[in-house]
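Subject: Structure for you to look at

Hello,

I am passing on the structure we spoke about, and below it you will find notes on what was found in it. Please read them with the model open beside you.

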Amino acid sequence: MRADQAPPFGKLDAERILAAIESVGLYADGSLLALNSYENRVYRIGIDDSDGTADEPAIASSVLLASSAPARTVVAKFYRPGRWTDAAIIEEHAFAQELREAELSVVAPIEMHGRTLHHFQDFRFALFPMQGGRAPEPGDRDTLIHIGRALGRLHMVGALQPFEHRPTFAIDAFAVDAVDYLIDAHWLPPQLEENFIVLCEQLIDAIESGWSRAGAFKTLRLHGDCHPGNLLWRNGTVHFVDLDDAMQGPAMQDLWMLLSGDRHACAQQLAWLLQGYEVFRKFDPRELHLLQPLRAIRLLHYHAWIARRWHDPAFPAAFPWFDSPRHWEDVIVQLQEQLVAMREPILKLV
C-alpha cells in the first residue's frame with residue numbers, strides 16, 4: 001500500500017549521517033550504531049575531540065555532560081520529514097530545557113551555535129547526550145510513587161503556559177481520523193470491514209461519553225507518550241526521554257500508560273502514582289473518566305500510525321503481521337474487549 005510514496009529516510013545513509021554531524025563542528029570517530037526507533041531515525045555516534053578541532057570548547061564539554069556511556073558519544077535524532085514544523089520541534093526542545101531548568105531529569109537536546117535544531121540537506125536533526133538506564137520495574141510500589149512525584153513536577157511546569165505550535169489532544173484528530181484512514185485506505189479485509197465500522201462507531205460514542213462525564217478538565221503541556229519504554233531508571237531516579245509526542249492534553253494521558261494487569265492491579269498502581277503525584281500537583285478525579293477512553297484512542301491511533309507509515313521499509317520489517325487477515329481478526333477482538341471495559345464503572349482507587 002502507498003507504494004507511490006518514497007521512503008522518507010531512503011537517502012539517509014552512513015555518509016550523510018556523519019557529514020551532518022561534521023556540519024555542526026563535531027568529528028565522528030567512525031562508530032555508528034542505529035538505536036531502536038521507527039518514527040524517526042536515531043543513532044549513537046562516537047565523537048573524536050582528541051585533536052581539539054571542535055569549533056567551540058563549550059560544544060565538546062556540553063556533549064559529554066550527563067553521558068553515562070564509557071566512550072564519548074552523542075545521540076543524533078533525524079526527524080521524519082514532513083511530520084513537524086520547525087516551530088513545533090523547537091517548542092518541544094524549549095519544553096525539555098524548561099524541565100531541565102526545573103531540575104527534572106529530562107534528556108534535553110544539546111544547544112550548539114545557539115540552536116538545538118539543525119538542517120543538513122533534506123534532513124533536520126538534533127543531538128542529545130547519551131543516557132544509560134533500564135525500564136522501570138512494572139507495578140512496583142516505590143518505583144510508581146517516585147515516578148508519580150516526577151510527573152507531578154513535570155505537570156507543574158507543563159501547566160505554566162500552553163503550547164502554541166504542538167497539537168492538542170482531541171478525539172477527532174486521534175480517533176475519528178484514524179478510523180477514517182484505515183477504512184478509506186482499505187486496510188480491513190472485506191469480510192471484517194462492516195464489523196469494524198460498527199464497532200468503531202460504538203467505541204467513539206463511548207469515548208465521547210467518557211469525555212463528557214469528565215467535564216471541563218484542564219489541559220497542560222505533557223510528555224505525551226509516557227510509557228515505560230520512554231522512561232529510564234538509573235541510580236534510583238527516573239529519567240524522561242523522547243518528548244517527540246509532547247502535546248497539550250489531560251494529565252491522565254501521562255499516567256494511564258504506566259498501568260498494567262487486571263482492573264484491581266491498575267487501580268492499585270494508579271493509587272501509588274497519585275500518591276507521589278499529589279505531593280506536587282492536585283489530580284482532578286474527574287479525569288478518571290478518561291482512562292478507558294484514552295486506552296481506546298491509543299488502540300485506534302496506533303493501528304492508523306502503522307498503516308500511514310507502511311511505505312517506510314522499517315515498518316513492514318518491524319510489523320510483518322500487520323497486513324494479515326489474522327491480525328485484523330485479533331484487532332476486532334481487542335476493540336470488543338475495550339468496549340466492554342469502557343462500559344464498566346470507573347476505577348476506584350485502592
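Strands β7 and β8 pair in the antiparallel sense over four bridges, where two strands are said to pair if DSSP finds at least two bridges between them; strands (E, at least two residues) and helices (H or I, at least four residues) are DSSP runs, numbered from the N terminus. This is a predicted model, in which local features need pLDDT of at least 70 and side-chain atom pairs count only at pLDDT 80 or more, while totals for chains, interfaces and linings use all residues. Residues are numbered from 1 along each chain as its sequence is written, and side-chain values use heavy atoms, with hydrogens and water left out.

Within this pairing, Arg-234 stands opposite Thr-237 in β8. The hairpin of β7 and β8 has two residues between the strands, and in it Asn-235 takes a positive phi near 55 degrees. Gly-236 belongs to the loop between β7 (231–234) and β8 (237–240), and Gly-236 counts as partly exposed because its relative accessibility is 41%; the term covers what lies between buried (under 20% relative accessible area) and exposed (over 50%), with a 1.4 Å probe and protein chains only. The C-alpha atoms of Gly-236 and Leu-288 are separated by 29 Å, and the two residues are 52 apart along the chain.

A second hairpin joins β1 to β2 through six residues, and these two strands pair in the antiparallel sense over four bridges. Leu-33 has Arg-44 in β2 as its bridge partner. β2 also runs antiparallel to β3, to which six bridges join it, and here Val-42 has Lys-77 in β3 as its bridge partner. β2 is mostly covered, since six of its seven residues are buried.

Next come the salt bridges, each defined as a side-chain nitrogen of Lys or Arg within 4 Å of a carboxyl oxygen of Asp or Glu. By this rule the count comes to 18 salt bridges. One of them is formed by Arg-80 with Glu-39, whose closest N and O atoms are 3.8 Å apart. Arg-80 lies in the loop between β3 (73–78) and α3 (86–101), and Glu-39 in the loop between β1 (28–34) and β2 (41–47), so this pair ties together parts that are 41 residues apart in sequence. Are Arg-80 and Glu-39 buried or exposed? Arg-80 is buried because its relative accessible area is 4%, and Glu-39 is buried because its value is 9%. Both residues belong to a network of salt bridges that links Glu-39, Arg-41, Lys-77, Arg-80, Arg-83, Asp-242, Asp-244, Asp-245, Arg-309 and Asp-312.

In another salt bridge, the side chains of Asp-86 and Arg-124 meet at 2.8 Å, N to O. This pair links distant parts of the chain, with Asp-86 in helix α3 and Arg-124 in strand β5 (residues 123–129), 38 residues apart. Asp-86 counts as partly exposed at 30% relative accessibility, whereas Arg-124 is buried at 13%. The side chains of Arg-141 and Asp-142 also meet in a salt bridge, at 2.9 Å from N to O; Arg-141 is partly exposed at 40%, and Asp-142 is exposed at 52%.

Let us turn to the nonpolar residues. In soluble globular proteins, nonpolar side chains tend to be buried together. A nonpolar core is a set of buried Ala, Val, Leu, Ile, Met, Phe, Trp, Tyr and Cys residues joined through side-chain atoms within 4.5 Å. The largest one has 83 residues, of which Phe-196, Trp-211, Phe-240, Met-252, Leu-255 and Leu-335 touch the most other members. Helix α6 (residues 190–214) gives the most to this core, with ten residues. Apart from this core lies another, of 19 residues, among them Ile-21, Ile-47, Phe-78 and Phe-120.

Returning to Phe-240, its contacts (heavy atoms within 4.5 Å), not counting residues up to four places away in sequence, include Leu-104, Val-106, Ala-150, Leu-154, His-223 and Leu-231.
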